[in-house]
Amino acid sequence: MKLQWDQKKYSTGFAHIDRQHKELFDGINGLMLFLKNTSTIQDDKNKAKILEMLQFLAEYAQKHFHDEEELFEKYDHPMKEVNKEAHRLFLEKYLHYQEKLQTKLRKEQLTRSVLIQLHIFLQSWLVKHILK
């Protein structure tokens, strides 16, 4: 299912953070559209696209988490340590997924189901995280 930005539901009150959340929604939706519109994931063009999406999401999440944590520090948010730990755990899990997918891709063992599992993880984590 496509993630839809709902300003009332997801707004943090910080335009910069909301823009980043929207960008993450777009990245996750891009993975879903890729899966929907691609018949094979093993050709070179699609392998490159998968690697590009994985890298974008990793780098953008790290940048976003950094920016969010700076805001939490600036305003001495009471959940700053909980949030920081949630970010750390997410990145740990995501980087594990990324490594697993890259290995499977090199060995031509990557399946759609593995990418679907990643999509579900990303989508549910992001929505839950924003709503907390």
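Leaving aside its neighbours within four places in sequence, which residues is Thr38 in contact with? They are Asn46 and Arg112, where contact means heavy atoms within 4.5 Å. The model is predicted, with local features needing pLDDT of at least 70 and side-chain atom pairs counting only at pLDDT 80 or more, while totals for chains, interfaces and linings use all residues. Residues are numbered from 1 along each chain as its sequence is written, and side-chain values use heavy atoms, with hydrogens and water left out.

**Thr38**

- Thr38 sits in the loop between helix 2 and helix 3 (44–74); helices are DSSP runs of H or I with at least four residues, numbered from the N terminus.
- The relative accessible area of Thr38 is 12%, so this residue is buried (buried is under 20%, exposed is over 50%, partly exposed is in between, with a 1.4 Å probe and protein chains only).
- A polar atom of the Thr38 side chain lies 2.6 Å from the backbone oxygen of Phe34.
- From C-alpha to C-alpha, Thr38 and Lys49 are 11 Å apart in space, and they are eleven residues apart in sequence.

**Helix 2 with helix 5**

- Helix 2 (residues 15–37) packs with helix 5 (residues 112–131) at an angle of about 160 degrees, and their axes are 10 Å apart. Axes are lines fitted to C-alpha atoms, for helices over the stretch in contact, and angles run from 0 to 180 degrees between N-to-C directions.
- Helix 2 is therefore roughly antiparallel to helix 5 (angles over 145 degrees count as roughly antiparallel, under 35 as roughly parallel, 65 to 115 as roughly perpendicular and the rest as oblique).
- Helix 2 and helix 5 cross in a left-handed sense, meaning that the near helix is turned anticlockwise from the far one by less than a right angle.
- On the helix 2 side, the contact is made by His21, Leu24, Phe25, Ile28, Leu31, Met32, Leu35 and Lys36. On the helix 5 side, the residues are Arg112, Leu115, Ile116, Leu118, His119, Leu122, Gln123, Leu126 and Ile130.
- By class, this contact of helix 2 with helix 5 has twelve nonpolar, three polar and two charged residues. Ala, Val, Leu, Ile, Met, Phe, Trp, Tyr, Cys and Pro count as nonpolar, Asp, Glu, Lys and Arg as charged, and the others, Gly among them, as polar.

**Helix 3 with helix 5**

- The axes of helix 3 and helix 5 cross at roughly 15 degrees and come within 14 Å. Helix 3 is therefore roughly parallel to helix 5.
- The crossing of helix 3 and helix 5 is left-handed.
- Leu115, Leu118, Leu122, Trp125 and His129 of helix 5 meet Ile50, Leu54, Leu57, Phe65 and Glu68 of helix 3.
- The contact of helix 3 with helix 5 has eight nonpolar, one polar and one charged residues by class.

**Positive phi in loops**

- Asp76 is in the loop between helix 3 and helix 4 (80–106). Its phi is near 45 degrees, a positive value in a residue other than glycine.
- Asp76 is exposed, at 53% relative accessible area.
- Glu108 is in the loop between helix 4 and helix 5, and phi of Glu108 is near 55 degrees, a positive value in a residue other than glycine.
- Glu108 counts as exposed, with 51% relative accessibility.

Definitions and conventions. Helix = DSSP H or I, 4+ residues; strand = E, 2+ residues; numbered from the N terminus. Polar contact = N/O pair within 3.5 Å; in protein donor to acceptor, adjacent residues only side chain to side chain.
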